[in-house]
Every structure is written in structure tokens, then in C-alpha cells.
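The following exercises are to be worked through with the sequence and the coordinates at hand. Each task is followed by a stepwise solution.

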Amino acid sequence: MAHAEVETVDFEPDDDDLMDEDVGDGSPSRAGTIPRLKSAITGGGSSSTPKKTKGRGFRDEAAAEADRSARMSARFDSLDSEGGPGPERSIEGWIVLVTGVHEEAQEDDLQNAFGEFGEIKNLHLNLDRRTGFVKGYALIEFENFEEAQKTISEMDGTELLTQTITVDWAFSKGSFKRRNIRRRSPRGPRSRSPRRRF
Amino acid sequence: MAEGEDNGEFYLRYYVGHKGKFGHEFLEFEFRPDGKLRYANNSNYKNDTMIRKEVFLTPAVLKECRRIVSDSEIMKEDDNNWPEPDRVGRQELEIVMGNEHISFTTSKIGSLMDVQTSKDPEGLRIFYYLVQVHLIAELFSSYDFQ
């Protein structure tokens with residue numbers, strides 16, 4: 001295996017003005033298990049089953065790794081919220097995620113299906129660049145919490161263009177408990193009556 | 001083959017960047033298992049400032065990301081035969097899904113022509129289209145929060 005020339009790019013950590021002072025950003029320390037992740041994901045404790053690994057990234061030099069951890073441990077602009085589950089409001093409104101969107105769906109289809117709940121401030125329907133078809137999800141923004149909540153309640157699990165869609169919040173106030181993922185159904189066990197912030 | 005689609009960990013990190021006459025220009029984001037999306041974009045061209053944002057995504061969003069990754073079958077690929085990072089630039093893709101952990105590095109890919117003339121056009125093509133997922137990260141981080 002060619003190991004010698006893996007690093008031809010010259011990343012010097014000291015050249016980096018990326019490093020802000022507060023390194024203690026909450027990035028958990030790396031788990032001591034091998035292999036380590038480049039940037040810190042949930043440190044030790046979470047699933048510690050050994051992983052099958054693959055890729056040149058595991059053979060990287062220390063310099064690249066130091067650079068990487070500097071990038072990710074710097075200060076990030078984040079929400080000023082008390083954290084925990086529950087939807088988060090963007091400046092202009094509330095954003096719901098629709099998945100399972102039929103690949104031939106057009107914006108009009110979504111506008112027709114969701115427009116009855118309120119005025120749609122923003123609609124993103126991403127295309128798969130490779131196929132030209134819809135990628136399968138859409139983001140829809142409503143001005144009011146009630147409009148978004150009603151959309152979720154009434155449209156989640158329904159059919160759009162012969163395909164079942166799920167509708168849920170896109171942004172959360174904080175991290176969600178891992179337990180919820182495992183037994184999660186589209187409606188989820190967690191509360192859908194968050195505090196409103198205006 | 002169980003790829004742990006609905007259970008187990010999911011983590012995705014993508015980096016693309018280079019060091020040039022404008023300094024270290026890069027884009028990097030992470031989808032973390034707890035729902036946090038961190039996004040950083042640094043371009044020193046015309047002294048743009050660094051953008052660093054983080055938001056929390058719902059399980060619904062992570063689930064969709066997993067689906068996209070799973071559908072791409074990138075976890076079956078290997079970067080053995082991909083061009084190595086070079087002076088022009090570097091890309092990194094690190095994904096944990098279920099009990100598999102990949103960490104691929106390669107050079108920047110200018111176009112599909114680069115893909116087609118590489119030693120592993122099939123694998124590199126999958127990588128090339130999957131990292132369009134950076135558009136997802138950009139989309140989510142483009143929303144402003146108070």
C-alpha cells in the first residue's frame with residue numbers, strides 16, 4: 001500500500017487563524033478506541049461496538065489531524081436556546097421537512113398540497129444532479145407555528161402523487177436523545193407542543 | 001446486508017479545501033449523531049470572513065441523510081484507487097453508519113471528466129454525486145436563527 005506520499009498538501013496548523021480561543025466548545029474528547037474519528041463526535045459511552053473501517057483517512061499524518069481538530073473545535077455561531085428537543089424557529093418562520101417526495105414531483109404539486117395550510121414563505125425542492133429528478137425531500141417554510149404544526153399533523157403519513165410522505169420539523173432547539181431514534185416511528189414519542197418564541 | 005439504516009450511529013463529515021494564495025480556503029460540515037449540524041466555510045478571497053454555524057436538526061432530517069447515503073452505496077466503495085490529495089486541493093469524506101466507518105480522502109474533482117479518466121470511475125462517480133450533499137448542509141445552515 002502506498003503510504004509514503006499520502007500527504008502532499010501542506011497544512012500547517014500554525015498558519016491557521018481558524019483557531020479561536022475557546023477550544024472548550026463542548027467538543028467532547030475523542031474516544032480512546034481505535035480508530036478515532038477525525039473530529040469529535042459523541043465521546044465515549046455511546047455505541048462502542050468496533051467498527052469496520054475503510055479508507056486512507058485513517059492513515060493520515062498528525063499535522064492534517066491537528067488542523068482538522070482545530071477547525072472543528074473553534075467557536076461556531078449557534079442558537080441562543082436552552083436546548084433539548086422541540087422545534088426551532090428561524091427568523092422568518094417555521095420550517096418543515098417533507099420526505100418521501102415522488103421523484104417527478106414539481107413545486108406546484110407541493111404548493112397545491114401544502115398551500116392550504118398557510119402562505120408558503122419558502123419552498124426548497126432539491127434535485128438530484130445525477131438523475132435530474134427530485135431528491136426525495138423538500139423544505140417548506142411557514143410564517144406561523146400553527147400553520148406548520150397543522151401541516152405536520154394533517155399531512156404526515158399521507159400520500160402525495162401515489163407515494164407516502166412524512167412531514168416533520170426540520171430544526172430542533174437542541175439535541176435529541178439517542179433512545180428516540182431506535183424506536184422512532186414517523187410520529188415519534190416526543191412532545192409536539194414546544195414553547196413558542198416570537 | 002444491514003447497514004443500520006434506522007438504528008445505530010450516523011455521522012457524516014465532509015471537507016473540501018486547499019491552501020492557495022488566498023490562504024486556507026475550505027468548506028466543511030458535520031452531521032452529528034445527536035442532531036447537531038456544524039458548518040464552516042472559509043474563503044479568504046477578498047477577505048471574506050469565516051462563516052461558522054451550527055444548528056440542531058431533527059431525527060427526521062438525519063433519517064433522510066442516512067437514506068441518501070445508503071442509496072448512494074458509498075459505504076461499499078474504497079478510496080484505494082482515487083487520486084490522492086494534492087496541491088490543488090483535498091476532499092475528505094468521513095461517514096459512520098451502523099457498524100461501518102469510512103474515511104476517504106481524495107483530490108478535488110473538477111468535473112465528471114476527472115471522474116471518467118480516473119482509475120476508479122464508478123466509485124469516484126458515486127463520491128462525486130454524493131458530496132453534492134454539501135448543498136443540503138448549505139441549505140440548512142442558510143436559515144437564520146435569532
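**Exercise 1: Nonpolar cores**

Determine which residues touch the most other members of the largest nonpolar core, and which element contributes its largest share.

Solution. 
1. The largest core holds 45 residues, and Phe31(B), Ile74(B) and Ile95(B) touch the most other members.
2. Helix H1 (residues 59-72) of chain B supplies the largest share of this core, with 6 residues.
3. Beyond four places in sequence, the contacts of Ile95(B) include Phe10(B), Leu12(B), Val69(B), Ile74(B) and Leu130(B).
4. A second, separate core has 24 residues, among them Val96(A), Phe114(A), Phe142(A) and Val167(A).

**Exercise 2: Salt bridges**

For the salt bridge between Arg67(B) and Glu64(B), state the N to O separation and decide whether each partner is buried or exposed, or lies in between.

Solution. 
1. The closest N and O atoms of Arg67(B) and Glu64(B) are 2.7 Å apart.
2. Arg67(B) and Glu64(B) are separated by about one helical turn, because they lie 3 residues apart in helix H1 of chain B.
3. Arg67(B) has a relative accessible area of 29% and is therefore partly exposed, whereas Glu64(B), at 7%, counts as buried.
4. For comparison, Glu92(B) and Arg90(B) form a salt bridge at 2.7 Å, and both are buried.
5. Glu92(B) and Arg90(B) are linked with Arg13(B), Glu28(B) and Glu94(B) in a network of salt bridges.

**Exercise 3: Confidence**

Identify where the pLDDT of chain A falls below 50.

Solution. 
1. The mean pLDDT of chain A is 70, and 58% of its residues reach 70 or more.
2. Over residues 1-46 of chain A the pLDDT is below 50, although the model has 103 contacts for this stretch beyond near neighbours in sequence.
3. Residues 178-185 of chain A also stay under 50.
4. Where pLDDT is low, predicted coordinates should not be read in detail.

Definitions and conventions. Residues numbered from 1 in each chain as written. Chains lettered and ligands numbered in written order. Predicted model: local features only at pLDDT ≥ 70, side-chain atom pairs only at ≥ 80, totals over all residues. Heavy atoms only, no water. pLDDT = per-residue confidence, 0-100. Contact = heavy atoms within 4.5 Å. Core = buried A, V, L, I, M, F, W, Y, C linked by side-chain atoms within 4.5 Å. Buried < 20%, exposed > 50% of the residue type's maximum accessible area, 1.4 Å probe, protein only. Helix = DSSP H or I, 4+ residues; strand = E, 2+ residues; numbered from the N terminus. Salt bridge = Lys/Arg side-chain N within 4 Å of Asp/Glu carboxyl O.
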